[in-house]
Amino acid sequence: MLFALWYKEWLKTKWTLVAIGAINLLVAAGVYLDLANTMKTVEANVVLMNVVFKEYLYYVDIKYIPALSGLIYAVMQFTPELSQSRLKLTLHLPAPEQKILATTQLIGALELAAIFAIDYLILAATTLAFFPVEVFDSMTVTVAPWFFAGFAAYFVTAAAFVEISWTRRVVIALTGYALVDALFLGVSFNAGNDAFAHAWWAAALVVSATFLLLFVSGFHYKRGIV
Amino acid sequence: MILRRLGKTVLAALVVLFAAAALPDIYWELFYTPPKEPRAFYSPTVNDFAIIKGGVDGTLYYTPDEDGFDGDWFEEAVPFLTYRQLVSEGKLPDTLHGVAMDPKAIRDNNFTFAVKPRYVRKELIPLFPLFESQSGRVRLDMPEDYCRIADRVEFVHAARNEVIEEKSVKFTEALAEAGFAFPGKRTFGNFNTRKPFDAGVFAVDADDKVFHIIQAKGEPIVADLKIPDDLTPVYIATREMELREFYGILVGEDSRVFMISYDDYKLIELPLEGFNWRTDELSMRGDILFRTVNIIKKDEVSAFAIDRDYELIDAYSEPMETKYDRASGTVAEALFPFQIRFLTANDPYVGFHARLSGPIALILMTLSAVVAFFVYRKRGAPMKYAAPGIALAFLTGVFGLIVVAAIPDFE
């Protein structure tokens, strides 16, 4: 049963996955090309000076891409389910409701994780090709919350979509927006690029917890609790 | 079932957390006007502090004893700041306190240092350029390599991105010989080429001792500052000045502040009182006659006038209105039982900063609980389910009330 669910989700989301993956790949490759081009026109020690002391974030183009990806993926995955109440049928299959919801959401999370992993690998390879390992450490701490924001956007959008009461939907959406927004804190010129250096684990914990929101929305949806 | 319960708790917690961050934020955007911060300069003409307090609605000029001065008075009271203007108006005195007022000498003696909590807390990417200090060139050049002081000294060639082995070994040996304990902690310096010459860097070793490292004609010159055992440095700011009287200032874990002098790295403690680098900003301005230090706290600005022998001449302090001294602050305390911020001015890093309100918040907290009680009664919820919601509304006030209103079956 669950395998069939995996297969159904795969059929539904594969083109979304390809489209989102392509956008991510293009932006990540753009980061490499931009930096490679900069290194050809500006001396390496000057570029490094800007990276270390002027907080030149050569990878800043990727900043909002994971969050946008999560948002779009959730919309593409759940819109067909909610039109004509298809999800209601799914939730009445002879399998536990929470297992079905968890599986559905896990598929999305894994597909997004695969895309984000490729993004990160490109950023890591780009950084290590041009800069010492210290810059790689700083880059990792800086981009981590941006990828967390991708998962948060996905989980929260899914929960807001499946929710049937508009009041709750608005509360979930606003709270989710505040969470995603908080994950972009502190990245600005001279404000500190590694703003989450001491709080990345807390951010990861809060984002993981948003996985559970869909169970609340799903419960309301199946029973029509407004 | 348990997952749904957990999900509901997470939702309630997130709503409270982000409401407690967002609502006060919106409130302060609407009702906060920054206070006027005074800055005190020790004036050689008035022989007292000349104080300037500016804001969007005009600037005040005064001394500790008298107020109502104007901008022209202030300009003449701080000749070391305004000497170019005074020269053009022919108002610069010939001598002050027996020292001839020569514009070049004034310029060469002027300097500033600033220490802010966020400067001390900020950890930069641990790489730095070690300039060639005796290149024989007039201008400093950016070196082609970057230095790291970890388990040993390593120079990484920026363009090739590889370690330059020979130079790394040479500097590692020089540091080890001087008694440097690897791995190194932070390194401080003036990492730009816009300075008259290069005075090297100050590196803190594993035992919190400070070493001065200079590169001269490719060779390392390393000196142990031999700082006292009871001093743990947390921050060093350096400034290359033609004066060559001091390298910079050093701040200790215990908030003592020292000048690092050229005279065998002797540390000269500044006669300050009440400075705490964790919360206060320090701004130091030096001129041909005095050093004036302003310490800016949340609720007070104090100033210390120090002569060139680093003896205290005069001190002044003035209380400052905080936002909770005003009506808007009291209203905020009444509205919100607590406020959460993820970023503060004193810390470059995201963290969790909660501020609890005073007892005045209890009014709205109680009211929230009463409202929650009637909301549940109207819904016909049994007390068993209503109790946690009412408790949440009481403990978190308006933030909890959002949860009660938005999640009908919150239990």
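Here is a short chat about how a few labels in this predicted model were reached.

Modeller: Before we start, it's a predicted model, so to speak: local features need pLDDT of at least 70, side-chain atom pairs count only at pLDDT 80 or more, and totals for chains, interfaces and linings use all residues. Residues are numbered from 1 along each chain as its sequence is written, chains are lettered from A and ligands numbered from 1 in the order written, and side-chain values use heavy atoms, with hydrogens and water left out.

Colleague: Why is Thr63(B) called buried?

Modeller: Buried means under 20% relative accessible area, exposed over 50%, partly exposed in between (1.4 Å probe, protein chains only). Thr63(B) has 8% relative accessibility, so it counts as buried.

Colleague: And which residues is Thr63(B) in contact with, leaving aside neighbours within four places in sequence?

Modeller: Val46(B), Phe49(B), Ile51(B), Phe69(B) and Trp73(B); contact means heavy atoms within 4.5 Å.

Colleague: What makes Leu110(A) partly exposed?

Modeller: Its relative accessibility is 48%, and that falls between the 20% and 50% cut-offs.

Colleague: How do you know that strand β16 of chain B is largely enclosed?

Modeller: Seven of the seven residues of β16(B), 246–252, are buried, so the rest of the structure largely encloses this strand. Strands here are DSSP E runs of at least two residues, and helices are H or I runs of at least four, numbered from the N terminus.

Colleague: What makes β16(B) and β17(B) paired strands?

Modeller: Two strands pair if DSSP finds at least two bridges between them. Five bridges join β16(B) to β17(B), running antiparallel, so the pair meets that cut-off.
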